[in-house]
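Student: Could we go through this model together? I would like to begin with the surface and then look at individual residues.

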Amino acid sequence: MLTLSVSCQAPELIKLRFNGVSAGAQLFRLGHQGQFSLRIRDAMFDGTLALLAQEGSNTFERHQTFDGGQVVIAQGSGGLGHAKLFTAQIEVQAQLNEQQTKVLEETLIEGAGTFELITTD
């Protein structure tokens with residue numbers, strides 16, 4: 001589990017995207033044949049509970065799964081708005097094929113990506 005924090009000098013609309021190598025719907029590449037998913041949950045919007053949705057959807061929930069190129073937006077108790085501080089927990093679920101689990105020594109398996117705050121400037 002990771003903690004994601006966004007702190008802005010001025011209130012911003014919170015729109016996030018994870019940029020990584022896609023491995024299918026809601027999956028990103030991990031090593032040569034593995035994959036991982038990222039689920040955002042327990043979001044707080046300036047200290048109050050936030051709900052999350054995929055951009056373009058009207059269904060806001062307490063959690064969302066990142067998909068390649070898709071933007072997740074946050075909504076505070078007053079609806080879509082601007083916040084100076086946003087925090088959330090990120091669950092990372094890794095999946096390896098059976099061959100990748102058979103190792104004789106320490107083995108590095110890497111997955112990479114970045115979280116991007118989409119600003120509305």
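Tutor: Accessible areas here come from the Shrake-Rupley method with a 1.4 Å probe. This is a predicted model, and its chain exposes about 7,400 Å².

Student: How many helices and strands does the chain have?

Tutor: There are zero helices and ten strands. Read from the N terminus, the order of elements is β-β-β-β-β-β-β-β-β-β. The C-alpha trace spans about 55 × 25 × 25 Å along its principal axes.

Student: And what part of the contacts comes from residues 24 or more positions apart?

Tutor: Such residues account for 70% of the contacts in the chain with a separation of 6 or more.

Student: Charges next. How far apart are the mean positions of the positive and negative ones?

Tutor: The chain has 8 positive and 13 negative charges, and their mean positions are 4 Å apart.

Student: Let us turn to the aromatics. How many aromatic pairs does a search of the whole structure find?

Tutor: The search finds five aromatic pairs. One of them joins F18 and F36, whose ring centres are 6.2 Å apart with the planes at 80°, so the pair is edge-to-face.

Student: Which parts of the chain does that pair tie together?

Tutor: F18 lies in strand 2 (residues 15–20) and F36 in strand 4 (residues 34–45), so the pair links parts that are 18 residues apart in sequence. Both F18 and F36 are buried.

Student: What is the geometry of the pair formed by F66 and F115?

Tutor: F66 and F115 are also edge-to-face, at 5.5 Å centre to centre and 65° between the planes. F66 sits in the loop between strand 7 (63–65) and strand 8 (71–75), while F115 belongs to strand 10 (residues 113–117), so this pair ties together parts that are 49 residues apart in sequence.

Student: Which residues form the aromatic cluster?

Tutor: One aromatic cluster is formed by F18, F28, F36, F66 and F115.

Student: What else does Q64 touch?

Tutor: Setting aside residues up to four places away in sequence, Q64 touches L38, R39, I40, L52, A53, Q54, T59 and V72.

Student: Now the loop between strand 2 and strand 3 (28–30), with S22 in it. What does the side chain of S22 reach?

Tutor: The S22 side chain reaches the backbone nitrogen of G24 at 3.3 Å. Beyond its neighbours within four places in sequence, S22 is in contact with L27, F28 and R29. S22 is partly exposed, at a relative accessible area of 45%. Between the C-alpha atoms of S22 and F36, which are 14 residues apart in sequence, the distance is 9.5 Å.

Student: What is the phi value of Q26?

Tutor: Phi of Q26 is near 60°, a positive value in a residue other than glycine. Q26 is found in the loop between strand 2 and strand 3, and is partly exposed with a relative accessible area of 36%.

Student: Where does D46 lie, and what is its phi?

Tutor: D46 lies in the loop between strand 4 and strand 5 (48–49). Its phi is also positive, near 50°, and again the residue is other than glycine. At 42% relative accessibility, D46 counts as partly exposed.

Student: Last one: what does L85 touch?

Tutor: D46 is among the contacts of L85, together with V6, S7, M44 and F45, not counting residues up to four places away in sequence. L85 belongs to strand 9 (residues 82–95) and is partly exposed, with a relative accessible area of 38%. The C-alpha atoms of L85 and A10 are separated by 9.4 Å, although the two residues are 75 residues apart along the chain.

Note on methods
Residues are numbered from 1 along each chain as its sequence is written. Side-chain values use heavy atoms; hydrogens and water are left out. Helices (H or I, at least four residues) and strands (E, at least two) are DSSP runs, numbered from the N terminus. Contact means heavy atoms within 4.5 Å. Lys and Arg count as positive and Asp and Glu as negative; His and the chain ends are not counted. The place of a charge is taken as NZ of Lys, CZ of Arg, CG of Asp or CD of Glu. Buried means under 20% relative accessible area, exposed over 50%, partly exposed in between (1.4 Å probe, protein chains only). Rings of Phe, Tyr and Trp (its six-membered ring) pair if their centres lie within 6.5 Å; planes under 30 degrees apart count as stacked, over 60 as edge-to-face and the rest as tilted. A polar contact is a pair of N or O atoms within 3.5 Å; within protein, one must be able to donate a hydrogen and the other to accept it, and residues adjacent in sequence count only if both atoms are side-chain atoms.
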